[in-house]
Amino acid sequence: MKLIEFLKNIEKIDEESVLYVKRIDDQFSRESEVTILHLTEEELEWKTFEVTEKKCPGFVYFMEVFLIKEFMEDITNKEYPTVEKKCERLIHYVEFDA
């Protein structure tokens with residue numbers, strides 16, 4: 001699944017999940033592949049690089065799904081009218097503000 005597809009279907013994704021994304025040319029993109037992990041209590045204590053090494057090599061931690069849902073609810077449709085614009089804003093947030 002691509003990041004843009006994930007955002008289009010976010011209401012169907014379990015809030016307890018964590019999103020890991022594969023960078024394209026060292027950057028996140030709406031076309032980046034994603035993997036959605038349901039981590040155990042023990043795995044939640046691991047460092048993010050340990051999770052990626054063991055469960056999804058080639059991916060990097062992006063954000064918890066419940067935080068992505070909150071973020072998407074907080075940005076306005078007027079300012080970000082399309083899911084593509086919202087995706088770009090989310091990527092900017094993850095890379096520079098989170």
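The model is predicted, so local features need pLDDT of at least 70 and side-chain atom pairs count only at pLDDT 80 or more, while totals for chains, interfaces and linings use all residues. Residues are numbered from 1 along each chain as its sequence is written, and side-chain values use heavy atoms, with hydrogens and water left out.

The chain contains 5 helices and 3 strands. Helices (H or I, at least four residues) and strands (E, at least two) are DSSP runs, numbered from the N terminus. Along the sequence these elements follow the order α-β-β-α-α-β-α-α. The C-alpha trace spans about 40 × 30 × 25 Å along its principal axes. The radius of gyration, taken over C-alpha atoms, is compared with a globule rule of 2.2 Å times the number of residues to the power 0.38. For 98 residues, a compact globule would have a value near 13 Å; the chain agrees, because its own value is 13 Å.

Of the 98 residues, 38% are buried. Buried means under 20% relative accessible area, exposed over 50%, and partly exposed in between (1.4 Å probe, protein chains only). Contacts are heavy atoms within 4.5 Å. Among contacts with a separation of 6 or more, 63% join residues 24 or more positions apart.

The chain exposes about 6,400 Å², and carbon and sulfur atoms supply 45% of this area. Accessible areas come from the Shrake-Rupley method with a 1.4 Å probe; for residues, only the protein chains shown count as cover.

L37 lies in strand β2 (residues 34-37). It counts as buried because its relative accessibility is 10%. Leaving out residues up to four places away in sequence, L37 touches S17, V18, Y20, V51, K55 and C56. L37 and V65 are 28 residues apart in sequence, and their C-alpha atoms are 9.7 Å apart in space.

S17 sits in the loop between α1 (3-8) and β1 (18-21). S17 counts as buried because its relative accessibility is 0%. Apart from neighbours within four places in sequence, S17 is in contact with I36, L37, H38, E64 and V65. A polar atom of the S17 side chain lies 3.1 Å from the backbone oxygen of D14. A polar contact is a pair of N or O atoms within 3.5 Å; within protein, one must be able to donate a hydrogen and the other to accept it, and residues adjacent in sequence count only if both atoms are side-chain atoms.
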